[in-house]
Amino acid sequence: MIYLIDHQDSFTYNLAHLLENFDDVFVSNYFDINDNKLNQSSMVVFSPGPGEPKDYPKSNILYKKLKGKKKLLGICLGFQQILYNEKGIITQQRKIYHGFQSKIKVLKTSKLFKENKCFTVGRYHSLKLNEPYYSKEIKITMRCVNSKVAMAIEDHINKIFGFQFHPDSFLTKNGKKLIQKIISA
Amino acid sequence: MILLNNKEYLNRLFESDKPLIIYKASIGYDVYTDFSDSINITKSNIDKFINKTLTSTKIRNKLFDGYIGFFGYELCCDLIGVKIPKQKNNRFPKSIFYKPQTIIKIRKNITIESILPNFKYVKDLIKTNKNFFYENKFNVNLSFKQYSKLFKKFSLKIRQGKTYQIKLCQKYRNISNLDSVKFFWRLMKVNSSPESFLIKDKNYSIISCSPETLLEKNNNKIFTKPIAGTYKKTSKTSLNKAKIFFDKNEKENKEHNMIVDMERNDISKICKAGTVKITKLKFVEEYKDLYHYVTKITGILKKSSTNLDIIKAMMPGGSVIGCPKINTLNLLNSLEKDSRNIFTGSFGYIKSNGDMHFNIIIRALVNYHDICEISVASGIILDSTAKKEYQENYIKAKSLLDIFKK
């Protein structure tokens, strides 16, 4: 089972339906976690949502608790939550990407995707990872072709993954394939 | 006994004080009247209404067996647990549903179907003696200066990621007591949008030329048809030019994309995984003063989804709120000083077999206690300007404001 933590976003159920291609999905609000279902889950997904990581202390505690114990995936806000809890700084960006379709490119740091492969993806984010960012475990594995903003992370030691873009958006081509790679990682 | 022909009867009905509803059909109009029941719906009785009152209706009226009415904005918020702080409020009911016994279909001919044996016995159908009057000038609740200030506040919230898009509501008001049937037909002459309707009750009326269908449920199938994107119509524009404008305009596209993903999300809550599809992406519909950018999304309902689940998942309709829904509703409710009333609620019907059809109440006028109120909203996203959106609000209100000109 996949546990999807909803930060009261209006895209969470698109993600739920995408994940249901691979396993049963249980969705709950971030402030209303079902411990029993959480224990049964093999993967926990941190959903997109409004605001910034520090607005969700409960999710931050949960991330630290689950790190290394379960496979984790963060989407958009969830992606930022992972980085925020791993000493990353999340900042506003000059250009805002809401409902924006972009090309992103896989870097050689990726173990899941082929280097230089391009994806067309949908983006909904005001904030981004402030760089330079260094981590022993977390590698930035995709970037926006134009703005070079970090778009994906992989940590194969703790099995933690994240996408800044929305694999669930209708603007993303091959969203299912992107999730498939995480599922089989 | 006085018996009138159908046309005479209908005219007599329109000139009387009898409560009635007119709803645009795909061809012509349906008139609902002879209400045997009207229920004020609240958070506490909605469950009973949907799961008991409706389903226990005995099938007697072959043409229409169910209730028709509206859910106001406040009730839609109540249902999903979004609180509304104290606002200026005229105590207009949150939601009313009516059970019609007579349906009159206005097509090429007029047909009447009623379960009442003596419906044409028109002793009580006397001409109204109400004193109708109206002003043709309106006051706006937000000046451009006030609007710009709110616009700036919301733009900051977008920069901070608190909301991705937000629709700020503006109201035009005057002192009027309308002959609502007359005004409805005046509006229909110039702008008979597909979701147009009139509710005329003893103490209020609602007139709307809404273009937007929020949901239609037939058996286990459901669709929604969100609108996002407006292009002003002039003598130089055409449907084709509007299509080119929308397709090439990054701002309109981004705004529309967001609404499409949001509506996919809302419908996914109640549909089986893998059944939610965009069946028609980004097409243009033409109206009297403007063009709209539209998408159609369909899905197959989960067996476990009740009509109340559907209402909670879809209402209030996302395209007139902003995104993401919950946080944006909270922002709107904290900064809009006037109650939205019916605006961005939904009008439509629920049949006893569970089928439903609801629009989004926009381009609408409420006449209550001699006050006439027209609400409009347009989207704040970072690429827009206060001036442009303020102007867009006026374009949206125009066809309603125009019916007050003689």
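Trainee: In this predicted model, what makes helices α3 and α4 of chain A roughly perpendicular to each other?

Mentor: Helix α3 (residues 57-66) of chain A and helix α4 of chain A pack at an angle of about 65 degrees, with their axes 10 Å apart. Angles of 65 to 115 degrees count as roughly perpendicular, and α3(A) and α4(A) are therefore given that description. The crossing of α3(A) past α4(A) is right-handed.

Trainee: Which residues of α3(A) and α4(A) meet?

Mentor: From α3(A) come A:S59, A:N60, A:Y63 and A:K64, and from α4(A) come A:Q81, A:I82 and A:N85. Sorted by class, the residues of this contact are two nonpolar, four polar and one charged.

Trainee: Why are α4(B) and α10(B) called oblique?

Mentor: In chain B, helix α4 (residues 144-159) and helix α10 (residues 386-402) pack at an angle of about 120 degrees, and their axes are 10 Å apart. Roughly perpendicular covers 65 to 115 degrees and roughly antiparallel begins over 145, with the rest counted as oblique, and α4(B) and α10(B) are therefore oblique to each other. The contact is formed by B:F144, B:Y147, B:S148 and B:F151 on the α4(B) side, and by B:A386, B:E389 and B:Y390 on the α10(B) side. By class, this contact of α4(B) with α10(B) has five nonpolar, one polar and one charged residues.

Trainee: What is the strand order of the open sheet in chain A, and what kind of pairing does the sheet have?

Mentor: The open sheet has nine strands in the order β2-β1-β3-β4-β9-β8-β7-β5-β6, and its pairing is mixed.

Trainee: Why do β2 and β6 of chain A stand at the edges?

Mentor: Strands β2 (25-29) and β6 of chain A each have a single partner strand, so one side of each is left without a neighbour in the sheet. Neighbouring strands of the sheet are turned against each other by 25 degrees on average, with direction ignored.

Trainee: How do you know that β3(A) and β4(A) pair, and in which sense do they do so?

Mentor: Pairing requires at least two bridges, and strand β3 (residues 43-46) of chain A has four bridges with strand β4 (residues 71-75) of chain A, in the parallel sense. Within these strands, A:V45 stands opposite A:L73 in β4(A).

Trainee: Which strands does α1(A) touch where it packs on the sheet?

Mentor: Helix α1(A) touches β1 (2-6), β2, β3 and β4 of chain A, and its direction makes about 175 degrees with that of β1(A). Helix α4 (residues 77-85) of chain A also packs on the sheet, touching β3, β4, β5, β6, β8 (150-155) and β9 (160-163) of chain A, and its direction makes about 120 degrees with that of β4(A).

Trainee: How many residues of chains A and B are in contact with each other?

Mentor: On chain A, 27 residues are in contact with 31 residues of chain B.

Note on methods
Residues numbered from 1 in each chain as written. Chains lettered and ligands numbered in written order. Predicted model: local features only at pLDDT ≥ 70, side-chain atom pairs only at ≥ 80, totals over all residues. Contact = placed C-beta atoms within 7 Å. Axes fitted to C-alpha atoms, helices over the stretch in contact; angles between N-to-C directions. Helix = DSSP H or I, 4+ residues; strand = E, 2+ residues; numbered from the N terminus. Parallel < 35°, antiparallel > 145°, perpendicular 65-115°, else oblique. Nonpolar A, V, L, I, M, F, W, Y, C, P; charged D, E, K, R; others polar. Left-handed = near helix turned anticlockwise from the far one by under 90°.
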